[in-house]
Amino acid sequence: MSSLLVKPQSGNGRVTHVTPQNANWTYVGFDLHRLVPGDNVSAPTGEREVCLVMVTGSAKVTVGEQDFGTVGGRKTPFDGSPAAVYVPAGAHWQVVAESQLELAVCSAPDNSGDLPARVISAGDLSQETRGKGSNTRYVTNILPEDQPAQSLLVVEVITPGGNTSSYPPHKHDQDNLPHESLLEETYYHRLNPPQGFGFQRVYTDDRSLDEAMAVEDGDVTLVPRGYHPCATCHGYDLYYLNVMAGPRRTWKFHNAKEHEWLFEQK
């Protein structure tokens, strides 16, 4: 199995645990918790900022002495808008599940901790449609670069069955602004219906990295560098939650030159 493919553990609790140390990179952390009503999870942020995303379900969320009440509520990641909570460095957060809950904990370095904790609700989200034809996908920006954070960029995407996504292939692995930014990235994949599967390829121009992976419901893929297109099979919609971070908080990507002709299609 590819070292870039992270399979979830079975059962409840923390089922996925990606850190800069075990991913062999510098910035992005990603945990996924599956909780039943009444379960709770909490942690200090330390020197990192955190975006708590209620992928499914609802929970009571507190950060320090701040009680944000009930956050979330959608039944599946394909059913409506997400809800999230931003937590700065130097804070302590707690989540108590009110229903079956799938909680994503996205993290990246925060050297200041000077932003306030806040709920990111449906009214704070921006949505867009990208691509056309069999390359159409639907994007919800949870923590884009025009919203306050120190390092994190968080977005979720739904790709209809039979379509491609993160395509034509692009990369963001060079700290070369204004042309390209260096961003590590994780993909948390869900399929609808859940027995489906899709594919993701991560590769560089010189093919020193070239991994093609079948992704199933609950898998996480790591993109340390290179191009990273996805495709999902007919009949199965693909959801993914992206977490990106790097030395500069901006998304500037470079398209694979041999595929740029696709942008010229009518």
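Me: Which way do strand β6 (residues 58-63) and β9 pair, parallel or antiparallel?
Reply: Quick background: this is a predicted model, where local features need pLDDT of at least 70, side-chain atom pairs count only at pLDDT 80 or more, and totals for chains, interfaces and linings use all residues. Residues are numbered from 1 along each chain as its sequence is written, and side-chain values use heavy atoms, leaving out hydrogens and water. Strands (E, at least two residues) are DSSP runs numbered from the N terminus, and two of them pair if DSSP finds at least two bridges between them. Here there are five bridges, and the sense is antiparallel.

Me: Which residue in β9 is the bridge partner of alanine 59?
Reply: Let's look at β9 itself, which spans residues 92-97. Its covered face holds Trp93, Val95 and Ala97, while His92, Gln94 and Val96 make up the uncovered one. The partner of alanine 59 is alanine 97.

Me: And which residue in β9 is the bridge partner of alanine 43?
Reply: Now we turn to strand β4 (residues 40-44), which pairs with β9 in the antiparallel sense over five bridges. The partner of alanine 43 is tryptophan 93.

Me: How many residues of strand β3 (residues 29-35) are buried?
Reply: Buried means under 20% relative accessible area, exposed means over 50%, and partly exposed is in between (1.4 Å probe, protein chains only). β3 has seven residues and is mostly covered. The buried count is six.

Me: How many aromatic pairs does a search of the whole structure find?
Reply: Rings of Phe, Tyr and Trp (its six-membered ring) pair if their centres lie within 6.5 Å; planes under 30 degrees apart count as stacked, over 60 as edge-to-face and the rest as tilted. By that rule, the search finds six.

Me: Why is the pair of phenylalanine 30 and tyrosine 188 called what it is?
Reply: The ring centres are 5.8 Å apart. The planes sit at 35°, so the pair is tilted.

Me: How many residues apart in sequence are the parts that this pair ties together?
Reply: Phenylalanine 30 is buried, with a relative accessible area of 1%, and tyrosine 188 counts as buried at 1% as well. Phenylalanine 30 lies in strand β3 and tyrosine 188 in strand β19 (residues 184-192), so the separation is 158 residues.

Conventions:
Helices (H or I, at least four residues) and strands (E, at least two) are DSSP runs, numbered from the N terminus.
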